[in-house]
Amino acid sequence: MKKTILLILALLPLLAFTAAHKFYVSATDIEYNEQQKSLQIISHVFTDDMEKLLQARYSDKLALVKGDEHPAADDFIEKYFNDKFRVSVNGKDRMINYIGKEYDKDQLLVYLEIEDVEPIKNIRVENAVLTDLFPEQKNVVKVEQQGKIKSLLLMRDNLSGTINFSN
């Protein structure tokens with residue numbers, strides 16, 4: 001009995017490190033396209049996290065599985081991003097167009113665009129995506145304009161931030 005307890009105690013630290021640790025993080029890339037005068041946005045989120053969120057908010061039967069996707073998945077994703085993702089450029093709130101989405105391994109790539117954008121002096125991004133279901137969610141936002149790259153780390157207690165390009 002004593003040997004069994006010692007063996008379990010010896011193996012316990014090894015078992016603790018083999019358990020899968022779940023990270024709640026998204027990455028959003030915003031790039032200013034000078035020729036088209038638009039912001040092209042790609043938001044990378046884990047598909048299973050987005051599926052859980054959409055099930056909790058809209059329909060428990062919703063599936064984001066390639067080939068077995070819920071017919072209204074795009075509508076729900078667009079509605080959710082319109083509610084949780086906002087951008088203002090040079091002090092003006094901008095309308096975000098949902099372009100579509102695609103699956104890439106365990107990630108969902110959501111494509112958005114903002115049209116008629118002058119060069120960015122400052123950009124304010126609010127990204128509350130997934131923070132309503134996952135309190136530890138972190139959303140990394142990277143903004144690129146004319147080769148300059150700046151970024152923000154947004155989370156539940158700090159959902160928005162501003163980047164200045166004028167300096």
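Predicted model: local features only at pLDDT ≥ 70, side-chain atom pairs only at ≥ 80, totals over all residues.
View 1. Strand S7 covers residues 122-127 and runs antiparallel to S10, with 5 bridges joining the two.

**View 2. Four strands make an open sheet with antiparallel pairing.** Read across the sheet, the strand order is S4-S3-S7-S10. Its edges are strand S4 (92-94) and strand S10 (160-164), each of which pairs on one side only. Ignoring direction, neighbouring strands of this sheet are turned against each other by 25 degrees on average. Helix H3 lies across strand S3 (85-89) and S7, and H3 runs at about 50 degrees to S3.

**View 3. Six strands make a second open sheet, with mixed pairing.** The order of its strands is S5-S6-S2-S1-S8-S9. Strand S5 (97-104) and strand S9 (148-155) are the edge strands, and each pairs on one side only. From one strand to the next, the twist averages 15 degrees.

**View 4. Strands S1 and S8 pair in the parallel sense.** Strand S1 spans residues 25-33 and strand S8 spans residues 138-145. The pairing extends over 7 bridges. Within this pair of strands, Glu31 stands opposite Glu144 in S8.

**View 5. Helix H2 packs on the six-stranded sheet.** H2 consists of residues 47-57. The strands touched by H2 are strand S2 (38-46), S5 and strand S6 (107-114). The direction of H2 makes about 90 degrees with that of S2.

**View 6. Helix H3 lies across strands of both sheets.** H3 consists of residues 73-84 and lies across S2, S5 and S6. To S5, the helix runs at about 120 degrees. H3 also lies across S3 and S7, which belong to the sheet with the order S4-S3-S7-S10.

**View 7. Four residues form a nonpolar patch on the surface.** The patch is made of Phe23, Val25, Val140 and Leu153. Together these residues have about 330 Å² of accessible area. Phe23 is found in the loop between helix H1 (2-18) and S1. Phe23 has a relative accessible area of 55%, and because the cut-off for exposed is over 50%, Phe23 counts as exposed.

Technical notes
Residues numbered from 1 in each chain as written. Heavy atoms only, no water. Pairing = 2+ DSSP bridges. Axes fitted to C-alpha atoms, helices over the stretch in contact; angles between N-to-C directions. Contact = heavy atoms within 4.5 Å. Patch = residues over 30% accessible without salt bridge, like charges linked within 9 Å, V, L, I, M, F, W, Y side chains within 5 Å. Areas by Shrake-Rupley, 256 points an atom, 1.4 Å probe, with all protein chains shown as cover. Salt bridge = Lys/Arg side-chain N within 4 Å of Asp/Glu carboxyl O. Buried < 20%, exposed > 50% of the residue type's maximum accessible area, 1.4 Å probe, protein only.
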